[in-house]
Structure formats: structure tokens, C-alpha cells
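Please open the model in a viewer and keep the selection tool at hand.

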Amino acid sequence: MILADKIMNERKRNGWSQEELAEKLAVSRQSVSKWEGAQAVPDLQRIIRMAEIFGVSTDYLLKDDIEIAAEAKGEIVEAESVPPMRKVSMEEAVGYLDFMEIYANRVANAVSMCILSPVILIFLAGLSEEKRFGISENLAAAVGIVVLFLLVAAAVFIFVTTGLKMKHYEYLDREAIETEYGIAGMVGEKKRNYENKYSVLIVTGVLLCIASPLPLIVASLANLGELVITTMVGVLLMMVATAVNLFVRAGSVNGSYDRLLQEGEFTLAQKEREKQKGNIASVYWSLVLAIYFIWSFVTMKWNITWIVWPIAGVLFGAVSAVTGMLIKDGR
């Protein structure tokens, strides 16, 4: 095992991200990334410092024939005491990144379809209310509900089929991994190249969310009529759907890099916490969706029930923060 692999393995064994290790060594994250990708070699002082914080000997770090990490006193650890790591080959890493490009697009589109599913129903209800084109209330409801269920059914189909393919890579969320030589450098380079695009997608999504209620507010204040107001509700949902689409795409692709690098939300310690938070998030959003549809179908006031989503989004931030604190405290 070469120095680059030993640095990466010891960092992951301690549950540190590249940023955290860089801070301890008073260097940049890019320096750590280059060391792990065998694109550069740390100087002697950095190697001595790494030996101290990793609790290993300098011999272990510098000599390729010593494969087992040492304890703080420099004693050799039995191989059985080191937690096994799942090996990830270059072929598997490249296949995973390619799959995540497809996954991000499909899941983002499916989420948008769910958000957009009531738009036709809302628009037709507005036409019916205004007695336009001879559309009756029953016809508007029938056509709108059919379109709604078709979009939701198509989205669920995408979620299920894509999720089944994703199962092959679920170990990246749960297990400690050891990547083949060259993977860390390749993935790190891809992540750096994606940073600008990631920022643009996130900022655009945030701006769309902020601006989404404005057309509806203007139409309501100007008293432009029921049809215009209901149309603006549809516009609001389209803006929200676009924003969420951008969030999902950016988060999925960026997350794929972090999974292979075991950084951010995918360090060893964070993986365990995220498992528990993920279960809570699944229950939370399923409940929100159920409340939205039940309230909407019972009252048929789609121009009001949309408020569930921004409220749920704000509350989820609080729920996620509290959950994270409780999990971290071990309660």
C-alpha cells in the first residue's frame, strides 16, 4: 500500500473529511486531495504531523511493505482489529458516476411531475368557475384528476425503477469503503470542475423559490379575477417544480462525488447519523404529501392548499436540525 492510499485510509478510519484533515495540518483541501490522488507528496514535517494525529508511526506511512496501521505508541495492530473496508474499483466508480448522472435527471423530473400534477386541475377549475369554453365543474374535475393521477403514477414508476437500480450502490451510504488507486484524484477533479455549476443551480433554485409567490400576490392585490389568480397558482407550482428539479439534480451529482470521497454527509460518522435521519425524512414527507392531497381533495381549494409545501419545507429544516442534535447526542 502506497503513501497516498494510507493517508486516505487513515483519514476515513478517523471519520474526517479532506477539509478537516487539511485544517489539522494547516494546508488547503486541494493539497490533501493531491496527496490522496498521488499527484503530490507531503513534506517531512507534514508526514510527522500526520503520524501524530493518525496515531501511527512514520515508518507505517513511508514504507510500502507495512500494511497495518500502528497505535499511538507505534505498536503494530493485529489485522483483525482493523475494520474491513469494501474495495471500490475504478470501473465500478466510473459506472456509479455515470449512473448518477442519469439518476439525477430522472428523479428530478419525477419530483417535478409530482409537484406539477395538480396544475391542469387548477387551471380547468378556474375555467369552470369563470364559465369559459363551456367547461363544467364535473368535466374540469374529471379531466384534472385523471391527469393528476397519470403524472403521479408515472413519477412513482420512475422512483421505483430507478430506486431498484440504485440498490446496487447502497453500500456507499452505509459502509466504509477503500477506493482503488487513482479514484480519489479523478473524483476530486470532477468535483472541483462541478463546483461552479453546483453553485449556479442552487442559487437559481433559491431565487425561484423566493420569487414563486410574487405572481400570485400581484394578481390577488390587483384583483385580476378568479381565472388569473388560479392561473398564477399554476405558475407558482411550475416555478417551485423547476427549483426543486435544480436542487435534486445538483444535490445528486455533488453527492455522488462526496460518497466516493467519503466527505461531507458521507464520512463514516455521518453515514450512521444520516441513516437515522433518512428514515425520519421519509416518514415526514410521506405525511406531508398525504396531508396535501387529503386537504386538497376534501376542500377542492387547490389555490390555497399549495401553502403546505413552503410551510413543510421550513418546518423540515427545524425537524432536521433537532433530529441531528438528538442523534449526535446519542438520545
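In which helix does Ser296 lie? Ser296 belongs to helix H13 (residues 268–299); helices (H or I, at least four residues) are DSSP runs numbered from the N terminus. This is a predicted model, in which local features need pLDDT of at least 70, side-chain atom pairs count only at pLDDT 80 or more, and totals for chains, interfaces and linings use all residues. Residues are numbered from 1 along each chain as its sequence is written, and side-chain values use heavy atoms, with hydrogens and water left out.

Remain on Ser296, which is buried at a relative accessible area of 0% (buried means under 20%, with a 1.4 Å probe and protein chains only).

Next, select Val88, Tyr96, Leu172, Val187 and Leu260, the residues with the most contacts inside the largest nonpolar core, which has 28 residues. Such a core is a set of buried Ala, Val, Leu, Ile, Met, Phe, Trp, Tyr and Cys residues joined through side-chain atoms within 4.5 Å. Helices H6 (90–116), H9 (171–174), H10 (183–211) and H12 (226–261) each supply at least two residues of this core, and H6 gives the most, with nine. Apart from this core lies another, of 16 residues, including Trp16 and Phe54.

Now display Trp16, buried at 16%, and Phe54, buried at 4%. Their ring centres are 6.0 Å apart and their planes at 25°, so the pair is stacked (centres within 6.5 Å, planes under 30 degrees apart).

Conventions
Buried means under 20% relative accessible area, exposed over 50%, partly exposed in between (1.4 Å probe, protein chains only). Rings of Phe, Tyr and Trp (its six-membered ring) pair if their centres lie within 6.5 Å; planes under 30 degrees apart count as stacked, over 60 as edge-to-face and the rest as tilted.
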